[in-house]
Amino acid sequence: MLDGYKQHSVYVICTCGDDCGYTNRIMQRALAAKEWRLNECYSVTMPNNYILMKGFDVDSKEVEKQKLAAAPERLATIIATIRGEKNRGLYRPGKFAGIKTSLINPLFIKLHSEKQLSG
C-alpha cells in the first residue's frame, strides 16, 4: 500500500524481452482498483530469458549485448520524460499485444507456477 497517497504521480517501468503486450493496461486496472491513477507506463527491452514454453529461447550473446548496451540510454530518456523534458510515448506494446497479453501471458504464469511447484 502507498501510505499517504494523495493523487501523486505514479509511473511504471516494464522490462521485456522484445515488447510488453498490454502490461500497461493491466497495471492501469490494478492501480485503479486501489483508486490510484497511472500517469504513464514505459518499457525497457532486456535480454530474453524465458525458456519454459516451446518457441521461446534466450537471445544470442550479440543481441543480449545490444539490448544491455541500449538500456541505460532508454532509462535516461524515461527519466527525462518523467521530468517533463521530452515527449511521452515510450511504451512498446508490440505486435499481437492482445494475443500475448490474454493468451500467452496466462500460459507463462501457469507454466512458471507448475515449474515452481515441481522444482
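The exercises below work through a predicted model of a protein, each with a solution in steps.

Residues are numbered from 1 along each chain as its sequence is written, and side-chain values use heavy atoms, with hydrogens and water left out. Because the model is predicted, local features need pLDDT of at least 70 and side-chain atom pairs count only at pLDDT 80 or more, whereas totals for chains, interfaces and linings use all residues.

**Exercise 1. Find where confidence is lowest and where it is highest in the protein.**

Step one is the term itself: pLDDT is the predictor's confidence in each residue, from 0 to 100. Step two is the overall value, a mean pLDDT of 82, with 82% of the residues reaching 70 or more. Step three compares the elements, where helices (H or I, at least four residues) and strands (E, at least two) are DSSP runs numbered from the N terminus. Helix 3 (residues 97–118) has the lowest confidence, at a mean of 68, and helix 2 (residues 61–82) the highest, at 94. Where pLDDT is low, the predicted coordinates should not be read in detail.

**Exercise 2. Determine how many disulfides the structure has, and examine cysteine 16.**

A disulfide is counted when a pair of cysteine sulfur atoms lies within 2.5 Å, and a search of the whole structure finds zero. For cysteine 16, the closest cysteine sulfur belongs to cysteine 20 and is 3.4 Å away, which is too far for a bond. Cysteine 41 is likewise in no disulfide, since the nearest cysteine sulfur, that of cysteine 14, is 3.6 Å away.

**Exercise 3. Work out which residues are linked in a network of salt bridges.**

A salt bridge requires a side-chain nitrogen of Lys or Arg within 4 Å of a carboxyl oxygen of Asp or Glu, and the structure holds three. Begin with lysine 67 and aspartate 18, whose side chains meet at 3.2 Å, N to O. Lysine 67 lies in helix 2 and aspartate 18 in the loop between strand 1 (11–16) and helix 1 (23–33), so this pair ties together parts that are 49 residues apart in sequence. Next, the side chains of lysine 67 and aspartate 59 form a salt bridge at 2.8 Å, N to O. Asp18, Asp59 and Lys67 are therefore linked in a network.

To finish, consider burial, where buried means under 20% relative accessible area, exposed over 50%, and partly exposed in between (1.4 Å probe, protein chains only). Lysine 67 is buried at 10% and aspartate 59 is buried at 16%, whereas aspartate 18 is partly exposed at 40%.
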